[in-house]
Amino acid sequence: MATTHPFPRFPDGFLWGVSTSAHQIEGAAGLRERSVWDAFTEQPGRVKDGSTAAVACDHYHRYREDVALLAALGVNAYRFSVSWPRVLREGGLDFYDRLVDELCAAGIRPVPTLFHWDLPLARHEAGGWRERDTAERFAEYVSRVAGRLGDRVRQWITLNEPAEHTLLGHALGTHAPGERLMFDALPVAHHQLLAHGLAVRALRAAGAAEVGLTNSHGPTWPASPEAADTEAADFYDVLLNRMFAEPVLLGAYPEGIGELMPDGAADDLKIIAEPLDFYGVNYYAPTKVGAPQGAEIDFGGVRMPAELPFSVREIEGRPRTGFGWPVVPEGLTELLTGFRDRYGDRLPPVVVTENGCSYEGLDDQDRISYLDGHLRALHEAIRAGVDVRGYFVWSLMDNFEWAEGYARRFGLVHVDYATLERTPKASYAWYRDFLSAQRRPA
Ligand code: GBH
């Protein structure tokens, strides 16, 4: 049961926060250029409830109220994303300037992510992530943002989950921009990684103190010890985990992948492997993978085509979140100790930049047990010697959950989308009490 025994203490100076992203909360769509997500959500059938993020949580206009919620929660850091299409609009950067001021005044560290999937539509129409040019344009935009906010921002995150953006957005097409390129989506991965590396250089040139990126990771569990299953699981692990971690941490693609990348990719690896101050990990659940079964399967709401060389299986005997994802807290310990064992001192200090779950209701006891379990699992990883520096809950408030629309609620704070009223849930009070216990002198 959650909260029955007291929590171990986390290291001094630990970053404690919550995460959001621009497209999912800001709204004020008229005050930004159009992004791939604006275009995608307007196509019928793309989003389950037919909704768009034109208004979302209207955070653009209500950011003061939201910062007050952060302050009352007691976090010392807030991870949000900067919308590239908003920054392209005259005055767009002013919004982030106001937000950062408001956070600093509340004693909360702003931790901006510079890309969380909302590519400017015009950029996409000019070739988007399939073209190298997008990586260079990204670095220019990053320089502008750093020039404006750099005096108050200490930690910067370049990209959010390039793996999901490649797989869902460009290979399977269930996220914007909705392309179904299957394995031809690999250049999209490479150009995002290059964008990351160029952005690291741009941030350093602008005097940034700490730079990292955020990848989504989870342990891959083979469906059985049979070779057909372990080989399929290894392949999945390369595609979702190692292909995005290793160019950054080791300066090399996993075996067999480099050859599939665009010409000149090998020369880019030096840029991609620019040293980082921290490595951001988003953890939700492990994935069980076996040999292909020759049938389309539903994977956490995503339909995976039958022709893939692996198949994703159900993890049984576990509680499930509202989304249907299994709850496996010890997967976080396994993931982090596994990374430490595999990458050794090439792995910078880790920050868990997202962890959370979707459940309905204000009295969200299930979310409390999820967070309780994952925080204990995180502490286990620290005890096992992994250098972890921070933890961010996804998410501060209910928001636009991509292809699921507003149906999935990930927030510590409930949002009534008719009135935009914010109401803290039981989990908000629980996390607040947890944080205040962590602050108490030992
Ligand atoms: C993050 O993506 C995003 O950064 C964020 O914007 C989003 O709102 C949030 O998560 C919640 O979705 O194996 O069936 O258990 C994480 C995306 C999470 C997608 C784990 C695949 C596995 C589901 N991934 N998920 S399952």
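Predicted model: local features only at pLDDT ≥ 70, side-chain atom pairs only at ≥ 80, totals over all residues.
User: Which residues of α8 and α9 meet?

Analyst: On the α8 side they are Pro-162, His-165, Thr-166 and His-170, and these meet Val-188, Ala-189 and Gln-192 of α9. Sorted by class, the contact of α8 with α9 comprises 3 nonpolar and 4 polar residues, with no charged residues.

User: How do I read the pair α3 and α5, and at what angle do their axes cross?

Analyst: The approach carries over: look at the angle, then at the residues in contact. The axes of helix α3 (residues 59-73) and helix α5 (residues 92-105) cross at roughly 15° and come within 10 Å. That angle makes α3 roughly parallel to α5, given that angles under 35 degrees count as roughly parallel. The crossing in which α3 passes α5 is right-handed. From α3 the contact draws on His-59, Tyr-60, Tyr-63, Arg-64, Val-67 and Leu-70, while α5 contributes Phe-95, Arg-98, Leu-99, Glu-102 and Leu-103. By class, this contact of α3 with α5 has 7 nonpolar residues, 1 polar residue and 3 charged residues.

User: Turning to the ligand, how many residues surround the ligand, and which are the closest?

Analyst: The ligand is surrounded by 18 residues, of which the closest are Gln-24, His-116, Glu-161, Glu-401 and Trp-402. For Trp-402, a polar side-chain atom lies 2.9 Å from an oxygen atom of the ligand. For Tyr-284, the distance from a polar side-chain atom to an oxygen atom of the ligand is 3.1 Å, and for Trp-394 the corresponding distance is 3.2 Å.

User: Where are the peptide bonds that are cis?

Analyst: As a general idea, most peptide bonds are trans, and most residues other than glycine have a negative phi. In this structure, the peptide bond from Ala-176 to Pro-177 is cis, with omega near 5°, and Pro-177 sits in the loop between α8 and α9. The peptide bond from Trp-394 to Ser-395 is also cis, with omega near 15°.

User: Is phi of Asp-58 positive or negative?

Analyst: Phi of Asp-58 is near 55°, which is a positive value in a residue other than glycine. Asp-58 is placed in the loop between α2 (36-41) and α3.

User: What does the side chain of Ser-224 reach, and where does Ser-224 lie?

Analyst: Ser-224 lies in the loop between β6 (220-222) and α10 (227-249), and the side chain of Ser-224 reaches the backbone nitrogen of Glu-226 at 3.0 Å. Leaving aside residues up to four places away in sequence, Ser-224 touches Asp-229 and Thr-230. To compare sequence with space, take Ser-224 and Gly-127, which are 97 residues apart in sequence and 41 Å apart in space, C-alpha to C-alpha.

Key. Residues numbered from 1 in each chain as written. Heavy atoms only, no water. Contact = heavy atoms within 4.5 Å. Helix = DSSP H or I, 4+ residues; strand = E, 2+ residues; numbered from the N terminus. Nonpolar A, V, L, I, M, F, W, Y, C, P; charged D, E, K, R; others polar. Near = heavy atom within 4 Å. Polar contact = N/O pair within 3.5 Å; in protein donor to acceptor, adjacent residues only side chain to side chain. Axes fitted to C-alpha atoms, helices over the stretch in contact; angles between N-to-C directions. Parallel < 35°, antiparallel > 145°, perpendicular 65-115°, else oblique. Left-handed = near helix turned anticlockwise from the far one by under 90°.
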